[in-house]
Amino acid sequence: IEELLEAYPKLEVLSLQGNRYFEGDMSSAAVKDAFRRNGSLARTLQKLDLTWNSIGGSIPKEIGNLASLKFLSLAKNMLTGTLE
């Protein structure tokens, strides 16, 4: 996840559903940085669909900074813990 978010800072739609080999850590520093209020991704990302992957970690509170987000799906992953 980290590499994708860093490589495309003006991304509007990220849909990687059904790719069970796609893995990463939602609570990594790079993901949190990408979701921060001042990041360009926080202003541009409208759809984030990561259903049916192998994503772990906890959902970072910074995901709430995605002001343009209209659709979010993190179902069927290996997320743990509570919303940070």
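Tutor: Let us begin with a definition: a residue is exposed when its relative accessible area is over 50%, buried when that value is under 20%, and partly exposed in between. Please keep in mind throughout that this is a predicted model.

Student: Is Lys76 buried or exposed?

Tutor: Lys76 has a relative accessible area of 52%, so the residue counts as exposed. Its place is the loop between β5 and β6.

Student: What is the phi of Lys76?

Tutor: The general idea comes before the case. Most residues other than glycine have a negative phi. The phi of Lys76, in contrast, is near 60°, a positive value in a residue other than glycine. Trp52 also has a positive value, with phi near 55°. Trp52 belongs to the loop between β3 and β4. With a relative accessible area of 38%, Trp52 is partly exposed, because it falls between the limits of 20% and 50%.

Student: How confident is the predictor in this protein?

Tutor: Confidence is given residue by residue as pLDDT, from 0 to 100. For this protein the mean pLDDT is 85, and 95% of the residues reach 70 or more. Confidence is lowest in helix α1, residues 2-7, where the mean is 72. It is highest in strand β5, residues 71-73, at 96.

Student: In what order do the strands of the sheet that contains β4 lie?

Tutor: To read a sheet, one takes the order of the strands and then the direction of their pairing. Here, 3 strands form an open sheet in the order β2-β4-β6, and the pairing is parallel. The edge strands are β2 and β6, each of which pairs on one side only.

Student: Are the faces of strand β4 covered or open?

Tutor: The side chains of a strand are read one face at a time. Strand β4, residues 54-57, is covered on both faces. Ser54 and Gly56 on one side are buried, as are Ile55 and Gly57 on the other. For Gly56 the relative accessibility is 14%, so this residue counts as buried.

Student: How far is Gly56 from Gly39 in space?

Tutor: Separation along the chain and separation in space should be read side by side. Gly56 and Gly39 are 17 residues apart in sequence, and their C-alpha atoms are 23 Å apart. Now take Asn19 and Ser54: these are 35 residues apart in sequence and 8.1 Å apart in space, C-alpha to C-alpha. Asn19 is found in the loop between β1 and β2, and is partly exposed at 33% relative accessible area.

Student: What does the side chain of Asp25 contact?

Tutor: The side chain of Asp25 makes a polar contact with the side chain of Ser27, at 2.7 Å. Asp25 lies in strand β2 and is partly exposed, with a relative accessible area of 32%. Its C-alpha atom is separated by 12 Å from that of Leu5, which is 20 residues away along the chain.

Student: Which strands form the other sheet?

Tutor: Another open sheet of 3 strands has the order β1-β3-β5, with parallel pairing. Its edge strands are β1, residues 13-15, and β5, each pairing on one side only. From one strand to the next, the twist averages 10°. Strand β3, residues 47-49, is joined to β5 by 3 bridges, and these strands run parallel.

Student: How many aromatic pairs does the structure hold?

Tutor: The count of aromatic pairs in the structure is 0.

Note on methods: Residues are numbered from 1 along each chain as its sequence is written. This is a predicted model: local features need pLDDT of at least 70, side-chain atom pairs count only at pLDDT 80 or more; totals for chains, interfaces and linings use all residues. Side-chain values use heavy atoms; hydrogens and water are left out. Buried means under 20% relative accessible area, exposed over 50%, partly exposed in between (1.4 Å probe, protein chains only). Helices (H or I, at least four residues) and strands (E, at least two) are DSSP runs, numbered from the N terminus. A polar contact is a pair of N or O atoms within 3.5 Å; within protein, one must be able to donate a hydrogen and the other to accept it, and residues adjacent in sequence count only if both atoms are side-chain atoms. Two strands pair if DSSP finds at least two bridges between them. Axes are lines fitted to C-alpha atoms, for helices over the stretch in contact, and angles run from 0 to 180 degrees between N-to-C directions. Rings of Phe, Tyr and Trp (its six-membered ring) pair if their centres lie within 6.5 Å; planes under 30 degrees apart count as stacked, over 60 as edge-to-face and the rest as tilted.
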